Amino acid sequence: GVLGVDTLEQHNPEFDRLLYIVANFCAVAINNGRTYERAAEMARHDGLTGLLNHATFQSKLAEMLTEAKNTDRPVSLVISDVDHFKHFNDRFGHQAGDFVLRSVADLWKRLIPHDALAARYGGEEFVCVLPDVGLEEASQYAESLRFALDNAHFEFETTELHVTASFGVAAFPISADSAVTVIREADAALYAAKRGGRNRVSVAPINQESIRCQ
């Protein structure tokens, strides 16, 4: 912040003291504002991974779908679940599980488009919203994430960990017509990938009823 004095007819010690008091009030206000912004930012993000948290993701997704409806543009959603995550906790301890989650989040941050929305959906699940991206292109993004994770080298306390994940992909409006249904369809596709053997991408079917409703 800047505190400026345009003109000063007569300089005296009282003015210096007054200026000092005013400047300190301004500094406190600025510091309080910065503290509030930091707290608000922390409230929007997951403390472990640095990605958006579940509540913020839901709010942002609703906003993005509203805009997509108004502009008649697609929005795709990729949801992922780390395969056999409990194995890392059971064999190496919960610190290893935290390490895996941070590592997966860092990989997502590096690979997803700059305008995409990434969040920790809960537990070992991650989700990504891709604006202006259709179902086929979103599945290609998911496959890139899956391949990169499958071939990444993660070392925890001198032990190399092989981490894989299963992915489900759905898109608005071709798979579903609302935030609730697009999440549901992506989640169903994710479980299809897990049932199919894990470490793979499954895509939600095209919903003709959703398309006719547009």
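## A short tour

Guide: Let's start with charges: in this predicted model, a network of salt bridges links Glu143, Arg146 and Asp150.

Visitor: How far apart are the closest N and O atoms of Glu143 and Arg146?
Guide: Both residues sit in helix α5, 3 residues apart, which is about one turn of the helix. Glu143 is partly exposed at 31% relative accessible area, while Arg146 counts as buried at 12%. They form a salt bridge, and its closest N and O atoms are apart by 2.8 Å.

Visitor: Lys86 and Asp90 also meet in a salt bridge; is Asp90 buried or exposed?
Guide: Their side chains come together at 2.6 Å, N to O. Because they are 4 residues apart in helix α3, about one helical turn separates them. Lys86 is exposed, with a relative accessible area of 57%. Exposed means over 50%, so Asp90, at 54%, counts as exposed.

Visitor: How many salt bridges does a search of the whole structure find?
Guide: Another pair is Lys109 and Asp106, at 3.8 Å, N to O. Those two lie in helix α4, 3 residues apart. Searching the whole structure, the number of salt bridges found is 7.

Visitor: And the inside: which element gives the most to the largest nonpolar core?
Guide: That core has 34 residues, and Val100, Val104 and Trp108 are among those with the most contacts inside it. Val100, Val104 and Trp108 are also among the buried residues of α4. With 8 residues, the element that gives the most to this core is α4.

Methods. Residues are numbered from 1 along each chain as its sequence is written. This is a predicted model: local features need pLDDT of at least 70, side-chain atom pairs count only at pLDDT 80 or more; totals for chains, interfaces and linings use all residues. Side-chain values use heavy atoms; hydrogens and water are left out. A nonpolar core is a set of buried Ala, Val, Leu, Ile, Met, Phe, Trp, Tyr and Cys residues joined through side-chain atoms within 4.5 Å. Buried means under 20% relative accessible area, exposed over 50%, partly exposed in between (1.4 Å probe, protein chains only). A salt bridge is a side-chain nitrogen of Lys or Arg within 4 Å of a carboxyl oxygen of Asp or Glu.
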